[in-house]
Amino acid sequence: MTNNHDLLKDLAPRKFGLRGKLWSGLLILVTAAGVIAYIDQLIQGQVVTNMRDYALWGIYISNFVFFVATSFVGSVTVAVLRLTRNKWRTPLVRIAEIISLASIIMAGITIILDMARPDRLLNLFTHARLQSPITWDVIIIPTYIALSFLLLYFPLLPDLALLKKYFNTKNSFLSKWYGRLSLNWTGSKMQKALQEKSIRIIAILIIPVGILLQTIDAWLFSTTYRIGWDSTNMGAYFISGAFVAGLGALITVVCIVRKVRKLEKYITLYHLDKLGKFLVLACLTYLYFNINEYLIPIFTATVEEETHLNELVYGEYSFLFWFSQLVGLILPIFILIFKAGRKPGPMFIAGFMVVIGSWWKRYIIVTPTLLHPFLPIEGVPESWQTYFPSLHEWLITGATLAMALLIITFLIRYLPAVPIQRTAEEMELYRTEKELEP
Amino acid sequence: MENKTSKTDSRRDFLRKLTSGGAVAASGMALYSLTSCKNKSEDKATLLTTDGKLVQVSDSEIQALEERSVSPAEARQGIPGKKFVMVVDLGKCKNAKKCIEACDKHHNLTPDRPYIKVLKMQDNEKSSPYWMPKKCFQCDNPPCVKVCPVGATYKRTDGIVLIDNERCIGCRFCMAACPYSARVFNWGTPPDEDADITYSPETSVPSEVGTVGKCDFCPDMLRMNKLPHCVTSCPNGVIYFGDEIDDTVSNGEQTVRLSSLLKDKAGYRYMEELGTEPRVYYLPPVDRLFPFENDSDNFEGT
């Protein structure tokens, strides 16, 4: 019992320290700047961006693809590891669920930021046409938001009931809310059976829905006649890329939370080691699809394809291309493949590299293709032949990233980052197993 | 906005009274409703109807008829019994850009977003370069229409692909899908967002901020049995326009059989292999009227 109390004390949400306050304040500032920029974009139109008739999509879209990719972490770590009964997932799933929910909500918002007429959003429902991949997105994103929310919420119920008791004397306001949100959880047999069943159904559902989400995202590109997009590789390529981006984000957040909340006892080196290996697996899979996408076409590349590939490998985009390949993929593999690389310090660096590389990788997928249409770019201002985001675009995109981090930060502030009930149960089991040993 | 709609309605009413169903002035009802408009305007003109009666029509209503604009709903139908087609003779084009000027003027376009571009093309190093006027190809299998999430761009029975800029949400997926970069976008407020013009997808004016635009084959001219502006403005008769069902095309001076023109001059469609089935044909740049002269900067806007 005393043990359980220590556990609660360690894992229960805690008030922000100075660092937490500064961090949240910074995120709120960045968000506010983006909101102002967006209001200006609403007033003036998207002329405030650097997108033009050829670079008709820019970082709004690549950032959207990044958020969609990152949201995949919920399907992979939580659902897949759960169905394959991988025990090491326990202290990591809550954080993965939080990242997943934050990312998919921000993906939904980001795609609206790219619409030049957000006032006509309802047309997507009143005039919906089913053969457009955008309509598929309109269907799949809310579905994934709902499933991600449930996958976070249902396993939380016992923890919320525990927190209600824990905060009873400390903070009656919080206690009341935890109580309400726990939906009268008593831990009865029937409740447990229901909860277990519901989680299993959601975990099974979220895998195909997650795969569909990533694939539809890929189809936004592969349903066009564009060099670099019009590829049958796209679906699987995007899924494996999402696997990488999601796990990279998870490792980064896990390393930070572990340090800040001093959870070394719960998120152990063993867990980090497993997570590191998992990311290597993801990176190797993605590397395989990258080879399919960029290397193999050399043999049969048409002139247009060759121009596109050369532009990536030696041309204007070579820095970003090689940055995303080396820093976002190859180097992390080299770091994490060694046991020494799967220690908290190097792992955090590798995870962070993967996240940054993944973000720029989406930029590399979206922008260069648009600037190499079949017909030459002529009869338009010279500046339309290139694209680099404007200040408005950076501010708005920065705000979406800050909002995602803000959602993650606040959820970790008010929810137990490591599942309490489940950890307690597993510890109990571990202890009884030890006692039973001769 | 409401103002705009009511204006459209009154014009449509007037058109229905005067032109539709052949009833025109033959029906007393129509005449009655016409005269009931009297108090609205001072100046009147006397017109002769098809069955020989004289009617008094106010000037504002005549003006409305001349500007006759088809509503977004009506514009989805297409002109019955027609299949419009264009043939561009590359041997005659010298990049005079008159088509661009006429098109820009008619559609109130700024120089940085023309519906027509004249591109410098060179098929390989040894063959000589040529000018290729390029507009929307009005594909029979249009990639843009397939991806539009709200049906703002659509294919009509007469072969024309149009845009309803009152429905467009500005996602630009159609622009990404078009392999010919035929579409332009109103990134900022276009200069002609003028409340005085009734919008019609058939005229594509006024443009609206945050929506897409493109060459529309000038259906407003076609309804009056006239040729599109690019055809009539071309000093060299480069562009032929006509109806595939009639099998005739005209460049304004000369009217020819479409099938024999394509056969005799080996007409082709740009990137046939994509399977988009364009309604714009090209005649190879042979027997040139002009030598190819490259003016350094092809863009004359700001």
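## A patch of positive charge

In this predicted model, the residues A:Lys9, A:Arg14, A:Arg19, A:Lys170, A:Lys259 and A:Lys262 gather on the surface in a patch of positive charge. A patch is made of residues with over 30% relative accessible area and no salt bridge, and like charges are joined within 9 Å; accessible areas come from the Shrake-Rupley method with a 1.4 Å probe. One of these residues, A:Lys170, lies in the loop of chain A between α8 (157-166) and α9 (172-181), where helices are DSSP runs of H or I with at least four residues and strands are runs of E with at least two.

## Where the two chains meet

The contact, meaning heavy atoms within 4.5 Å, takes 41 residues from chain A and 52 residues from chain B. Together the chains bury about 3700 Å², with 59% of it on carbon and sulfur atoms; buried area is the accessible area (1.4 Å probe) that two parts lose on being put together, summed over both. Of the area that chain A buries against chain B, A:Asp53, A:Tyr225 and A:Leu375 supply 19%, more than any other three residues.

Three salt bridges are counted between chain A and chain B, each a side-chain nitrogen of Lys or Arg within 4 Å of a carboxyl oxygen of Asp or Glu. The side chains of A:Arg117 and B:Glu208 meet in a salt bridge at 3.0 Å, N to O.

## Backbone details in chain B

B:Val205 and B:Pro206 are joined by a cis peptide bond with an omega of about -5°, and B:Pro206 lies in the loop between β8 (184-185) and β9 (212-213). B:Cys218, although not a glycine, has a positive phi of about 50°.

Residues are numbered from 1 along each chain as its sequence is written, and chains are lettered from A and ligands numbered from 1 in the order in which they are written. Local features need pLDDT of at least 70 and side-chain atom pairs count only at pLDDT 80 or more, while totals for chains, interfaces and linings use all residues, and side-chain values use heavy atoms, with hydrogens and water left out.

How values were computed:
Patches are made of residues with over 30% relative accessible area and no salt bridge: like charges are joined within 9 Å, nonpolar side chains (Val, Leu, Ile, Met, Phe, Trp, Tyr) within 5 Å. Lys and Arg count as positive and Asp and Glu as negative; His and the chain ends are not counted. The place of a charge is taken as NZ of Lys, CZ of Arg, CG of Asp or CD of Glu.
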